[in-house]
Amino acid sequence: MTKYVAAVDQGTTSTRFMIFDHSGGVVGVHQMEHEQIYPQAGWVEHDPMEVWARTQDVMKGALEKVGLSAGDLAAIGVTNQRETTVVWDKNTGKPYYNAIVWQDTRTDKICNELAKDGGQDRFRAKVGLPLATYFSGPKIKWILDNVAGVRAAAEKGDALFGNMDTWVIWNLTGGVNGGAHVTDVSNASRTMLMSLETLDWDPEILKVMGIPHKMLPAIRPSSDPKVYGYWSKVPVCGDLGDQQAALVGQTCYGVGEAKNTYGTGCFMLLNTGTKAVPSKSGLLTTLAYKLGDQPAVYALEGSIAITGALVQWLRDNLDFFDFSKHIEDYAKQVPDSGGIYFVPAFSGLFAPYWQSDARGVIVGMTRFVNKYHICRAALEATAFQTREVLDAMEKDSGVKLTALKVDGGMVFNNTLMQFQSDILNVPVVRPVVAETTALGAAYAAGLAVGFWPTLEDLRQNWQIDHTWHPAMDEATRAQLYKGWLKAVQRSMNWIEQ
């Protein structure tokens, strides 16, 4: 019997391949970064061909590192940066344009135009999302409207759209030679084109946006025993957007269970079961996962655009330090942020505000402030933004969170995790396998082929590595948070529409 399940984790800044054993332990991993392309202010792109090349490299690299071959894998899952949009020629396999990344704000005018009839929540009742530059639908429209020849190709059936999961799976399963053009419910729910009720593309929204149905992938379960296709005879049968994959990897299968992932952005998801809960507090109603023929499971999500990306910005744009992990050493040089707040609204504000006209600000500056304070304020920004999302989540769901499961690269920053627990006033829990995004995709694939028979088997795998408990008094917590909310207001209405 094959002993392992693997996952391609195609992220915003890098791609990796992770191999897991039956207990959910990491057996092998290989990771490579890809270029971030910024053609102009507010535009963010990736080269899909580079991403596909990296995907092949990391798969080969991870297997070679541990002396395994394709034959040792029972199944492969895929997880991905969501909303990042690529349109390519199905006959040549070449993209018509670079992938437009989820952080990109060029579709602002398209969103404003669409909002003239029905406002920002024009499609929310159907798709659970506000009109925002974040989602794939307006990005597809931008490519159709601005890249020569793409609209004609799409109407002819030659141009295919996909978020990065679709692009990777199509290439993995054959590409121009019969590659599977599929996505799963979690990724489809991030396009603004899928009905939460029917789990199918909505003809009315497609018509309004001018997007031909034939360029869209087939929507399949996140864990699919019918299999999307094969890579070197290995079934490719799991597909989840990265945040939903982390929810699955954190084994949040019960109603009211929540996790927060700290990556390029920050994303908190709360399982709401088989019922889509509409948000009145600026959250997204999204698909969590669908396992085979079982009913789909929904979630409430709070999406924060810039968290880990702020650390990278301090590293790359300001040369504060050479390696991201050094931010903690700098932040620990000072007892607090010196009275400053850093609101990283580089791509506008996401949840719970959805204001694309906001821009980043540092407020409260005095001569006393140095780079250590700025580093500390950058970490605290992640925790404050998470608090805003948690408050909205408790308001919408009526569920009071008792502990927060956390994962992603930033959870090894003890200073941040302690401050997060302090500002939320709940324990923060890190599992043994903190990179739960890839694990969730592996779980989806493994469930499809019976490598893990039930969700209970996965729950048995989950183990606590570390818990942080709140140690801040209520008065300090309230005062700090009040200052943060004031700082956020200062970032708004910066860009004149």
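**Figure 1. Helix α9 in the predicted model is mostly covered, with eight of its eight residues buried.** The structure shown here and in the following views is a predicted model. Helix α9 spans residues 242-249. Its buried residues are D242, Q243, Q244, A245, A246, L247, V248 and G249. Just after α9, T251 adopts a positive phi of about 55°. Helix α9 also supplies at least two residues to the lining of the largest pocket, the subject of the next view.

**Figure 2. The largest pocket of the predicted model has a volume of about 1200 Å³.** This pocket is lined by 42 residues, and those closest to its centre are T13, Y262, G263, G409 and M410. Several secondary-structure elements each supply at least two lining residues: the strands β2 (14-20), β3 (26-33) and β13 (258-262), together with the helices α9, α10 (308-316), α11 (326-331) and α14 (436-448). Helix α10 gives the most to this lining, with five residues. By class, the lining of the largest pocket comprises twelve nonpolar, 19 polar and eleven charged residues.

Figure 3. The residues lining the second largest pocket divide into eight nonpolar, twelve polar and four charged.

**Figure 4. Helices α12 and α16 of the predicted model cross at roughly 90°.** Helix α12 comprises residues 371-397 and helix α16 comprises residues 474-491; their axes come within 11 Å. An angle from 65 to 115 degrees counts as roughly perpendicular, and α12 and α16 are therefore roughly perpendicular to each other. The residues of this contact divide into seven nonpolar, one polar and four charged. On the α12 side, the residues in contact are A381, F384, Q385, R387, E388 and D391. These meet R477, L480, Y481, W484, L485 and V488 in α16.

Methods:
Residues numbered from 1 in each chain as written. Predicted model: local features only at pLDDT ≥ 70, side-chain atom pairs only at ≥ 80, totals over all residues. Heavy atoms only, no water. Axes fitted to C-alpha atoms, helices over the stretch in contact; angles between N-to-C directions. Helix = DSSP H or I, 4+ residues; strand = E, 2+ residues; numbered from the N terminus. Parallel < 35°, antiparallel > 145°, perpendicular 65-115°, else oblique. Contact = heavy atoms within 4.5 Å. Nonpolar A, V, L, I, M, F, W, Y, C, P; charged D, E, K, R; others polar. Buried < 20%, exposed > 50% of the residue type's maximum accessible area, 1.4 Å probe, protein only. 1 Å grid on protein atoms, 1.4 Å probe; cavity = no way out; pocket = protein on both sides within 12 Å on 5 of 7 lines; lining within 4 Å. Points joined across faces, edges and corners; volume = space filled by probe spheres on them.
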